[in-house]
Amino acid sequence: MNKEHIETIGNNHISSNIETPLRTDAFDKTDDEKVKNIQHHFGKIMEELGLDLTDDSLSGTPYRFAKMYVKELFYGLNPKNKPKLSTFDNKYGYKKMLVEQNITIDSACEHHFLPITGHAHIAYIPKDKVVGLSKINRLVDYYSHRPQVQERLSLQILKDLQEALQTEDVIVMISAKHLCVSSRGIKDKNSYTTTIEYGGCFKDDAKRDEFMKIINN
Ligand SMILES: [Zn+2]
């Protein structure tokens, strides 16, 4: 890939698949082995930038960086960390919209590895199954903690909820600021990006309007 093509992909959010592109050997190494390797390589990057790693303030940075990447920011790459979406029978027979609003999005763009921060608003209309509310937040947190594109993040959350709840009637809206837009490139501090993905009855304008009204309250 030439450099111009690489820049174009970074700006256009080309996403080929709903699955995060992972290597087949992605989880052959333990987390601690990964931390050790990334620590080594990030130290090299710092050295290449001209930083003196013998300085007290900098000497621990490669380790802190590596641990943060593997165990915090990108813990959601590893399926073993995926929250279990246990569902319950819809005993109340609640059949109207359930909305979970203002779920924190703490993610990172996969083109620049810079933060994406914002909120997700999610609704579903239960059929036979309901899910514990905090499980929705946990699922959002899990998929956010990967290098992401916002479009794919929305779809991954939508698909999992549809599967767990055994209904297509789910809507996922995400509004987020991308640091790669606000602090480099165009440097627009005010713009944010909204994605909206849905299925089933949310294809109906009236249902989406009802959702939007609740969100905007
Ligand atoms: Zn980016």
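These legends walk through several close-up views of a predicted model.

**View 1. The five-stranded sheet.** Let's start with the sheet as a whole: five strands make up an open sheet with mixed pairing, in the order β5-β2-β3-β6-β7. At its edges sit β5 (147–148) and β7 (193–198), each of which pairs on one side only.

View 2. You can find the pairing at A108, whose bridge partner in β5 is P147.

**View 3. β3 and its pairing with β6.** Strand β3 is mostly covered, with seven of its 10 residues buried. Nine bridges connect β3 to strand β6 (residues 170–178), and this pair runs antiparallel. Within it, H121 has M173 of β6 as its bridge partner.

View 4. Now zoom in on H121, which lies in strand β3 (residues 115–124). Is H121 buried or exposed? H121 is buried, because 20 other C-beta atoms lie within 10 Å, and 20 is enough to meet the cut-off for a buried residue. Leaving aside residues up to four places away in sequence, H121 touches V99, Q101, M173 and I215. I103 is 18 residues from H121 in sequence, yet their C-alpha atoms are 6.4 Å apart in space.

**View 5. Helix α7 across the sheet.** Helix α7 (residues 205–216) lies across β2, β3 and β6. Relative to β2, α7 runs at about 75°.

**View 6. The α4–α5 helix pair.** Helix α4 (residues 133–144) packs with helix α5 (residues 150–165) at an angle of about 140°, and their axes are 10 Å apart. That angle makes α4 oblique to α5, and the crossing of the two helices is right-handed. Which residues meet here? From α4 come L139, V140, Y143 and S144, and from α5 come L153, Q156, I157 and D160. The residues of this contact comprise five nonpolar, two polar and one charged.

Conventions: Residues numbered from 1 in each chain as written. Predicted model: local features only at pLDDT ≥ 70, side-chain atom pairs only at ≥ 80, totals over all residues. Helix = DSSP H or I, 4+ residues; strand = E, 2+ residues; numbered from the N terminus. Buried ≥ 20, exposed ≤ 12 C-beta atoms within 10 Å, placed from the backbone. Contact = placed C-beta atoms within 7 Å. Axes fitted to C-alpha atoms, helices over the stretch in contact; angles between N-to-C directions. Parallel < 35°, antiparallel > 145°, perpendicular 65-115°, else oblique. Left-handed = near helix turned anticlockwise from the far one by under 90°. Nonpolar A, V, L, I, M, F, W, Y, C, P; charged D, E, K, R; others polar. Pairing = 2+ DSSP bridges.
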